[in-house]
Amino acid sequence: MIPIYIPEYYKEMDLNRLVAFMKEFDFATIISSVDQKPIATHLPFLIEQKGDMVEITSHMARANEQWKSFNETEEVLIIFQGPHSYISPKFYDSNKSVPTWNYASVHVYGTPYIVTEDSSTFDLLKKTIVNYEPSFEHAYNQIPMEHKSKLVKELVGFGIHVTKIEGAFKLNQDKSTQEQERIAKALLRSEDNTISGIGKLMRENLGL
């Protein structure tokens, strides 16, 4: 796949920061190709980092045709989308400035593999529950195995052999500190979490 276009000053290269971002915005979009046509599914993903290695797993409904396109010779793309916001030129010093958009996203490339063992799929489902609602683990354990076995048959677990991770954090890095501070303050005042979230990222990443 062709890499995402990222100007040098917007590139995020720190793996720990990229993984932290992926974990925070873990409801992502996986894109693959079926009969030379793109297909996408929105899913929650589990992300684990072991040194320089990143493991990504998830599951989808067996009725979803996308998993049938997965093979270990063709890359898929997973997009983790973070906060974003319109940026008005009124915050800039120059009266020749034009509007822009601040955003943060991470693109992960890799080859998918299907989880074939029921026991591994059970483990994947349990990890998902523990990740999102630890308090439900006890109730989940009480569900009859017969019922859980039927559930597993309706799902397909899969993982990604990650080959590349690219981060685009467009946070007005090309502007002065005064302009950046002005923009971040305005964004943080918003009651919309999507907008205030990009203000928070500006503060964290630009040291404002």
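Helices (H or I, at least four residues) and strands (E, at least two) are DSSP runs, numbered from the N terminus. A pocket is found on a 1 Å grid over the protein atoms alone: an open set of points where a 1.4 Å probe fits, with protein on both sides within 12 Å along at least five of seven lines. Its lining residues have an atom within 4 Å of a point.

This is a predicted model, in which local features need pLDDT of at least 70, side-chain atom pairs count only at pLDDT 80 or more, and totals for chains, interfaces and linings use all residues. Residues are numbered from 1 along each chain as its sequence is written, and side-chain values use heavy atoms, with hydrogens and water left out.

Start with the largest pocket. Its volume, the space filled by probe spheres set on grid points joined across faces, edges and corners, is about 270 Å³. It is lined by 16 residues, and Glu48, Glu55, Ile56, Thr57 and Tyr113 are the closest to its centre. Two or more lining residues come from each of β4 (46-50), β5 (53-61), α2 (118-132) and β8 (155-170). The largest share, five residues, belongs to β5. By class, the lining holds nine nonpolar, three polar and four charged residues. Here Ala, Val, Leu, Ile, Met, Phe, Trp, Tyr, Cys and Pro count as nonpolar, Asp, Glu, Lys and Arg as charged, and the others, Gly among them, as polar.

Now turn to the second largest pocket. It holds about 230 Å³ of space. Phe21, Phe169, Lys200 and Glu204 are among its lining residues. Helices α1 (15-24) and α6 (193-206) each give two or more residues to this lining. The most, five residues, come from α6. Six of the lining residues are nonpolar, two polar and four charged.

Two of those lining residues also meet as a ring pair. Rings of Phe, Tyr and Trp (its six-membered ring) pair if their centres lie within 6.5 Å; planes under 30 degrees apart count as stacked, over 60 as edge-to-face and the rest as tilted. The model has seven aromatic pairs. In one of them, the ring centres of Phe21 and Phe169 are 5.1 Å apart and the planes stand at 45°, so this pair is tilted. Phe21 lies in helix α1 and Phe169 in strand β8, 148 residues apart. Phe21 is buried (under 20% relative accessible area, with a 1.4 Å probe and protein chains only; over 50% is exposed, in between partly exposed), at 3%. Phe169 is buried too, at 2%.
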